[in-house]
Amino acid sequence: MRAFITGRDPDSTSSHRDVASGGIRAAVLGAGDGLLTNVSLVLGVAGASASSATVRLAGIAGLLAGSFSMAAGELLSVQVQKEMALHELEVERRELSEYPDAELRELAAMYRARGVPYDDAMTVARILSADEKVALDTHARLELGIHPDEAGSPVKPAIFSFVSFAVGALIPLVPWFFGSGTAAVVGSIVLGALMAIGLGAVTGVMSGRPIAKMAARQLAVALVAAGVTFAIGHLLGAGGG
Ligand SMILES: [Zn+2]
């Protein structure tokens, strides 16, 4: 997802496993956002004792607005990361052409820091510095943590964010396509709670933390959000008439 800049740690290398788990992580976060948004929205509108058509409309609007916003945010953030990386590359390119000796020593120092003996480090640095493109690539990877060849397209993560948010947002909305009133409210709460528990459990597995605790935490957040908006919706609905 965000492999373009992997941080300045020269040891950070991306592997397929990281990319896959990054995708799952993004999906869990996106679905969690969607769930929280629409559990709140659906129950808030339902709390004002609106018709099920109104709840459906609000839920669908929330789903679309949130999904587009997530996708747009992803597009922008990937784009900004890309532009920042390109800028840093440009600075490095300039430094390489203006201060080749300093850059050579800098490169050798990075290998020495990794345990390569002085002479060998100088030899490696000289070989890598001989070719302009190789030199820039090496400095980018070791010094900036930028992987110039992995400049991923922002389209895939944007679609991914859209879909995962939409799935999360759809869950608490489902009962309102089949029912109304208290039954649908209960349906939203039950489905939302089950999904929150599921998402929390996945988070626990991925972070290596206690699964039950993570599931309970996610559930608590969803229930509090739902409870607060339901109460506010109820108050506004009763007051406003
Ligand atoms: Zn450099």
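Biologist: Which residues does Leu199 touch, leaving aside its neighbours within four places in sequence?

Modeller: Leu199 is in contact with Val28, Ala31, Gly32, Leu35 and Gln218, where contact means heavy atoms within 4.5 Å. This is a predicted model, in which local features need pLDDT of at least 70 and side-chain atom pairs count only at pLDDT 80 or more, while totals for chains, interfaces and linings use all residues. Residues are numbered from 1 along each chain as its sequence is written, and side-chain values use heavy atoms, with hydrogens and water left out.

Biologist: What makes the 19 residues around Leu35 and Leu199 a nonpolar core?

Modeller: The term asks for buried Ala, Val, Leu, Ile, Met, Phe, Trp, Tyr and Cys residues joined through side-chain atoms within 4.5 Å, and in the largest such set Leu35, Val55, Trp176 and Leu199 touch the most other members. Helices α1 (16–47), α2, α8 (181–207) and α9 (211–240) each supply at least two residues, and α1 gives the most, with 8. A second, separate core of 10 residues includes Ala108, Ala121, Leu128 and Leu142. In soluble globular proteins, nonpolar side chains tend to be buried together.

Biologist: Which secondary structure elements does the chain have?

Modeller: The chain has 9 helices and 0 strands, these being DSSP runs numbered from the N terminus (helices H or I, at least four residues; strands E, at least two).

Biologist: Why are Glu92 and Glu106 put in separate accessibility classes?

Modeller: Buried means under 20% relative accessible area and exposed over 50%, with partly exposed in between (1.4 Å probe, protein chains only). Glu92, at 2%, is therefore buried, whereas Glu106, at 26%, counts as partly exposed. Leu75 of helix α2 is likewise partly exposed, at 38%.

Biologist: Why is α2 called roughly perpendicular to α3, and α4 oblique to α5?

Modeller: Axes are lines fitted to C-alpha atoms, for helices over the stretch in contact, with angles from 0 to 180 degrees between N-to-C directions. Under 35 degrees counts as roughly parallel, over 145 as roughly antiparallel, 65 to 115 as roughly perpendicular and the rest as oblique. The axes of α2 and α3 come within 5 Å and cross at roughly 110°, which makes the pair roughly perpendicular. Those of α4 (residues 118–130) and α5 (residues 132–144) also come within 5 Å but cross at roughly 120°, so α4 is oblique to α5.

Biologist: Which residues make the contact of α4 with α5?

Modeller: Leu128, Ser129 and Ala130 of α4 meet Glu132, Val134, Ala135 and Thr138 of α5.
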